[in-house]
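Me: I have a protein model open and would like to learn how to read it. Can we go feature by feature?

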Amino acid sequence: MSQAPVSMRADSATVKDASGAKAKCNVYNRYYLCQQMDITVHVLKNGKEVGSVSFGVTHKMNLKQTSPKWSESVQFSKAKIVGNARGVLMTPRVSCGNPCKATPKIPKRTLGAAFSGSVDYADAIRKGKSHGTASKYEYTFTKAGYTPGNVSYDSLNYRCDDTFSSQQRPGCVFPKYTPTLTAMKDLPTIAKHIRSVQNRGGHYGRYGSGHPLHRLTDKKKAEANRRAVCGKMKPGKGKSCDEYPFARTHEGGTKLPKASRGVAAVPRGEQNQQGGMLTAFNLKQRVMEREAFWVSV
């Protein structure tokens, strides 16, 4: 009697933005990902299921702000074995896109008891460059007398770059996560001004508005943005013109309608701190040209 192949099915819960998620897993932020997968191996004979093995896989990956090397833990739950499904051997494989290299430390294992493994990553990103990729997980299942089967899935996409070389070393992030700038809450006059602008027009930069700001790295364009809205303003002694959206964003200057932008005279000390806060935020979150971010004050 002929034997049909072992077949697989892989399902996972939706991976959610960690900023609003309560779950301990299937969440992510700029540097952390927890992803859960449920896999069922169906053992077939003559086209009919004679058994199954079901188990869960939990991935926890921690990227690094200033290193292109990182690691991931992989936990396999105790398998639920039904019918004639004992003796199913799982052989794992993990890869990522060049110049990223994955070194898996996950043992081949006959499915049954819970076990764990890990994956080490190294990305040979070149100076001034960036690239995105994802981890690809592939599992081959074999059982004596049965045709092998396999299943695969990907991690959330991550990006490595070396575009901040004059200020910090290369690193990697999950670009799908949009970071939030919060430091300007400590600048009372500027914070009040930002809130007043965010509360009208298109609410640009306010989380949930659908209109994040986007970083502008071209210094000449940023200076032009500032001149366009602050050029004629006379803020007074000890004060400076503060513009929102920031000149160093693609929404700066007169790009937006008047209802969605504004200027205010603020203490010069606050203005000087603001520039440093924006620079520090871009470095910490590795915010690149045209990349989105929110502003919360």
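Me: Are Y137 and Y153 buried or exposed?

Reply: This is a predicted model. In it, both Y137 and Y153 are buried.

Me: How do β13 and β14 run, and how many bridges join them?

Reply: They run antiparallel, and seven bridges join them. Y139 stands opposite V151 in β14. The two strands form a hairpin with two residues between them. There, G145 takes a positive phi near 90°.

Me: Which rings are linked into a cluster?

Reply: Ring pairs join F55, F76, F115, Y137, Y139, F141 and Y153. One of these rings also has a charged neighbour: R109 lies over the face of F115, 4.6 Å from the ring centre.

Me: How many aromatic pairs does the structure hold?

Reply: There are 14. Take W70 and Y121 as another case. Their ring centres are 5.0 Å apart and their planes meet at 10°. Planes under 30 degrees apart count as stacked, so this pair is stacked. W70 is in strand β6 (residues 69-76) and Y121 in strand β11 (residues 115-123), 51 residues apart. W70 counts as buried, at 3% relative accessibility. Y121 is buried too, with a relative accessible area of 3%.

Me: Now charges. What can side chains of opposite charge do?

Reply: They can pair when their charged atoms come close. Six salt bridges are counted here. One of them joins R93 and E138, at 2.6 Å from N to O. R93 lies in strand β8 (residues 89-95) and E138 in strand β13, so the pair ties together parts 45 residues apart in sequence. E138 is partly exposed, at 25% relative accessibility.

Me: Are E291 and R159 buried or exposed?

Reply: Both are buried. Their side chains meet in a salt bridge of 3.0 Å, N to O. E291 is in the loop between α3 and β21, while R159 is in strand β15 (residues 158-161). They are 132 residues apart.

Me: Which residues do salt bridges with shared partners join into one network?

Reply: R30, R159 and E291.

Me: What does R226 form with E243?

Reply: A salt bridge, with the closest N and O atoms 2.5 Å apart. R226 is in helix α2 and E243 in strand β19, so parts 17 residues apart in sequence are tied together. R226 is partly exposed, with a relative accessible area of 28%. E243 is buried, at 7%.

Me: Last topic: helices. What should helix α3 span?

Reply: Work from 1.5 Å a residue. Helix α3 (residues 268-284) has 17 residues, so the span should be 24 Å. The end C-alpha atoms are 25 Å apart, which agrees.

Me: Which residues of α3 are buried?

Reply: E270, Q271, Q274, M277, L278, F281, N282 and L283. The buried residues of α3 pack against several elements, including α1 (188-198), α2 (219-230) and β20 (262-267). Just after α3, R286 takes a positive phi of about 50°.

Conventions. Residues numbered from 1 in each chain as written. Predicted model: local features only at pLDDT ≥ 70, side-chain atom pairs only at ≥ 80, totals over all residues. Heavy atoms only, no water. Phe/Tyr/Trp six-rings, centres within 6.5 Å; stacked < 30°, edge-to-face > 60°. Helix = DSSP H or I, 4+ residues; strand = E, 2+ residues; numbered from the N terminus. Buried < 20%, exposed > 50% of the residue type's maximum accessible area, 1.4 Å probe, protein only. Lys NZ or Arg CZ within 6 Å of the ring centre and 35° of its normal. Expected span 1.5 Å × (residues − 1). Contact = heavy atoms within 4.5 Å. Pairing = 2+ DSSP bridges. Salt bridge = Lys/Arg side-chain N within 4 Å of Asp/Glu carboxyl O.
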